[in-house]
Amino acid sequence: MNKILGIGLPRTGTASLAEALNKMRHPAKHYCILHDNTYETHPEDVVAYVDNGFYINYEILLKQYPDALFILTTRNLDDWTKSISQFQSRNDMPDVESYEKAVRELFQRAGKENQLLVLNIFEDSRSIHKLSEFIGVKSDYTTFPHVSRN
């Protein structure tokens with residue numbers, strides 16, 4: 001089973017992605033730079049690691065895990081800006097649209113577009129189906145789980 005890395009920004013559904021992966025029997029850990037104080041290393045027994053701080057080093061991760069599947073959760077810019085503004089944000093965090101563009105360009109340059117799934121779980125009613133197809137599992141779920149971490 002390939003390693004799965006969730007590389008979405010905070011407030012783009014990363015906790016919901018981890019929950020969906022766990023429900024699909026792909027053991028996932030989630031780390032949020034806005035809520036979690038302790039950082040766990042990437043346990044080898046975990047198939048999926050969703051970390052919304054990966055925006056800092058996603059380029060390195062693509063080299064470190066050349067066979068991994070990457071999932072970029074995203075969101076409408078206005079909704080994301082409104083949601084992220086509730087938190088003390090890091091100065092180095094890009095906006096959601098710029099980040100999505102940079103990630104797509106990196107995977108295109110590397111010839112690894114087939115290892116990247118971009119999901120907007122807030123607007124795409126087929127996102128749970130896209131996820132199950134991408135990771136190669138059959139799923140009976142019809143909706144994406146919603147985990148809210150306020």
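Modeller: Start with Thr14, whose side chain makes a polar contact with the side chain of His30, at 2.9 Å. Bear in mind that this is a predicted model.

Colleague: Where is Thr14 placed? And is Thr14 buried or exposed?
Modeller: Thr14 sits in helix α1. Its relative accessible area is 4%, under the 20% cut-off, so Thr14 is buried.

Colleague: What is Thr14 in contact with, leaving aside neighbours within four places in sequence?
Modeller: Gly8, Leu9, His30, Val50, Asn52 and Thr73.

Colleague: Which strands does α1 lie across?
Modeller: α1 lies across β1, β2, β3 and β4. It runs at about 170° to β2.

Colleague: Now the sheet. What is the strand order?
Modeller: The order is β2-β3-β1-β4-β5. It is an open sheet of 5 strands, with parallel pairing. The edge strands are β2 and β5, each pairing on one side only. On average, neighbouring strands are turned by 15° against each other, direction ignored.

Colleague: What holds strands of a sheet together in pairs?
Modeller: Backbone hydrogen bonds, in either a parallel or an antiparallel arrangement.

Colleague: How many bridges join β2 to β3?
Modeller: There are 4, and the two strands run parallel. Lys29 has Tyr49 of β3 as its bridge partner.

Colleague: And β1, how many bridges join it to β3? How many to β4?
Modeller: β1 is joined to β3 by 3 bridges. Another 3 bridges join β1 to β4. Both pairings are parallel. Gly6 stands opposite Val50 in β3. Ile4 has Leu69 of β4 as its bridge partner.

Colleague: What covers the story for the faces of β3, buried or exposed?
Modeller: Buried, on both faces. Ala48 and Val50 are on one side. Tyr49 and Asp51 are on the other.

Colleague: Switching to cores. Which residues have the most contacts inside the largest nonpolar core?
Modeller: Leu5, Ile7, Phe70, Tyr99 and Val103. That core has 26 residues. The elements giving two or more residues to it are α2, β4, α3, α4 and β5. The largest share, 5 residues, comes from α4.

Colleague: What does Val103 touch, not counting residues up to four places away in sequence?
Modeller: Val103 touches Ile7, Tyr58, Leu72 and Leu116. Apart from this core lies another, of 20 residues, and among them are Ile4, Met24, Leu117 and Leu131.

Colleague: Let's do helices. Which residues of α3 are buried?
Modeller: In α3, residues 77–84, the buried ones are Trp80, Ser83 and Ile84. Seen down the axis, they fall within an arc of 90°, so they line one face of the helix.

Colleague: What does that buried set pack against? And which exposed residues are on the face turned away?
Modeller: The buried residues of α3 pack against α4. The face turned away carries Asp78 and Lys82, both exposed.

Colleague: What happens at the start of α3?
Modeller: A side-chain oxygen of Asn76 comes to within 2.8 Å of the backbone nitrogen of Asp78.

Colleague: Which residues other than glycine have a positive phi?
Modeller: Arg11 is one of them, with phi near 70°. Arg25 is another, at about 65°.

Methods
Residues numbered from 1 in each chain as written. Predicted model: local features only at pLDDT ≥ 70, side-chain atom pairs only at ≥ 80, totals over all residues. Heavy atoms only, no water. Buried < 20%, exposed > 50% of the residue type's maximum accessible area, 1.4 Å probe, protein only. Arc of directions from axis to C-beta. Contact = heavy atoms within 4.5 Å. Polar contact = N/O pair within 3.5 Å; in protein donor to acceptor, adjacent residues only side chain to side chain. Pairing = 2+ DSSP bridges. Axes fitted to C-alpha atoms, helices over the stretch in contact; angles between N-to-C directions. Core = buried A, V, L, I, M, F, W, Y, C linked by side-chain atoms within 4.5 Å.
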